[in-house]
Amino acid sequence: MSADMQDRLMVALDVADHSGALALRDALGDSVGWFKIGLRLFVAEGPALVRSISEQHKVFLDLKFHDIPNTVAQAVDSAGGLGVDMLNVHAGGGPDMLAAAARAARDFPDMKLIAVTVLTSDSMPKERAAELALERARMACDAGLAGVVCSVWEAAAIKQACGEDFMTVTPGIRWGDQDVQDQKRIADPASAVQSGSDYLVVGRPIIQASDPKSAALEALAMMRATISA
Ligand code: C5P
């Protein structure tokens with residue numbers, strides 16, 4: 001994937017409320033192309049916040065739907081109505097759930113539907129995570145989803161199995177001496193790009209930095225260095 005790196009960096013708006021989210025958006029400006037809205041912010045602020053952020057940026061709604069097929073399909077339909085650019089479900093819901101979600105997403109051709117494989121915070125052995133992530137990626141691909149959330153460690157094998165166009169979105173990004181926190185399968189921005197990750201999700205290393213914009217620019221510089229090297 002060769003889009004400019006700022007269109008491949010997704011900043012997780014894991015903040016408490018609307019004002020915190022808008023403050024971060026304004027601090028980061030156009031240095032990043034995407035914001036990810038997850039459970040904390042969506043539960044607090046709901047669709048209105050999604051619409052505000054969508055005005056200037058692409059939005060990945062990260063709610064990891066995991067329920068019976070009918071319920072998930074209906075939730076995908078509701079999320080599609082919000083006009084988000086990317087949405088996820090959890091592949092742990094199985095092939096029927098993934099197929100129902102993919103069918104519902106067909107009404108929203110501009111929205112990419114992807115599946116979480118194995119959380120980057122899961123403490124299972126890396127080899128087991130790699131096997132399970134690949135198995136779930138194949139399931140998502142067969143069900144007609146556009147890609148998966150996985151760790152950088154699994155991205156290359158998933159691309160090999162499911163094709164270059166099957167998107168890999170990778171959280172668990174850390175660099176320098178940053179605190180790993182609850183993440184387990186981590187990698188730095190350069191390794192992520194080199195492993196074929198299409199989108200890098202970064203939360204705390206940017207949003208909790210004393211200067212979020214500098215932290216974002218630092219990540220972008222590491223991503224860009226991989227193509228100029
Ligand atoms: O702060 P940090 O960079 O660890 O944030 C990672 C973000 O990516 C969080 O919002 C988390 O919910 C999300 N995420 C993840 N692992 C997944 C899917 C989503 O860490 N498999």
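This briefing covers the ligand site and the aromatic pairing in the structure above. The model is predicted, so local features need pLDDT of at least 70 and side-chain atom pairs count only at pLDDT 80 or more, while totals for chains, interfaces and linings use all residues. Residues are numbered from 1 along each chain as its sequence is written, and side-chain values use heavy atoms, with hydrogens and water left out.

**Shell around the ligand**
- The ligand is surrounded by 17 residues, counted when a heavy atom lies within 4 Å of it; the closest are Asp-14, Lys-36, Arg-174, Gly-203 and Arg-204.
- Eight residues of this shell are nonpolar, three polar and six charged, with Gly counted as polar.

**Polar contacts (pairs of N or O atoms within 3.5 Å)**
- A ligand oxygen lies 2.7 Å from a side-chain N or O atom of Arg-204.
- A ligand nitrogen is 2.9 Å from a side-chain N or O atom of Thr-120.
- Alone, the ligand exposes 470 Å², of which the protein buries 88% (Shrake-Rupley method, 1.4 Å probe).

**Aromatic pair**
- One aromatic pair is found in the whole structure, where ring centres must lie within 6.5 Å, using the six-membered ring of Trp.
- Trp-34 and Tyr-199 form this pair, edge-to-face (planes over 60 degrees apart), with 5.3 Å between centres and 65° between planes.
- Trp-34 belongs to strand S2 (residues 34–37) and Tyr-199 to strand S8, so the pair ties together parts 165 residues apart in sequence; strands are DSSP runs (E) of at least two residues, numbered from the N terminus.

Notes. A polar contact is a pair of N or O atoms within 3.5 Å; within protein, one must be able to donate a hydrogen and the other to accept it, and residues adjacent in sequence count only if both atoms are side-chain atoms. Rings of Phe, Tyr and Trp (its six-membered ring) pair if their centres lie within 6.5 Å; planes under 30 degrees apart count as stacked, over 60 as edge-to-face and the rest as tilted. Helices (H or I, at least four residues) and strands (E, at least two) are DSSP runs, numbered from the N terminus.
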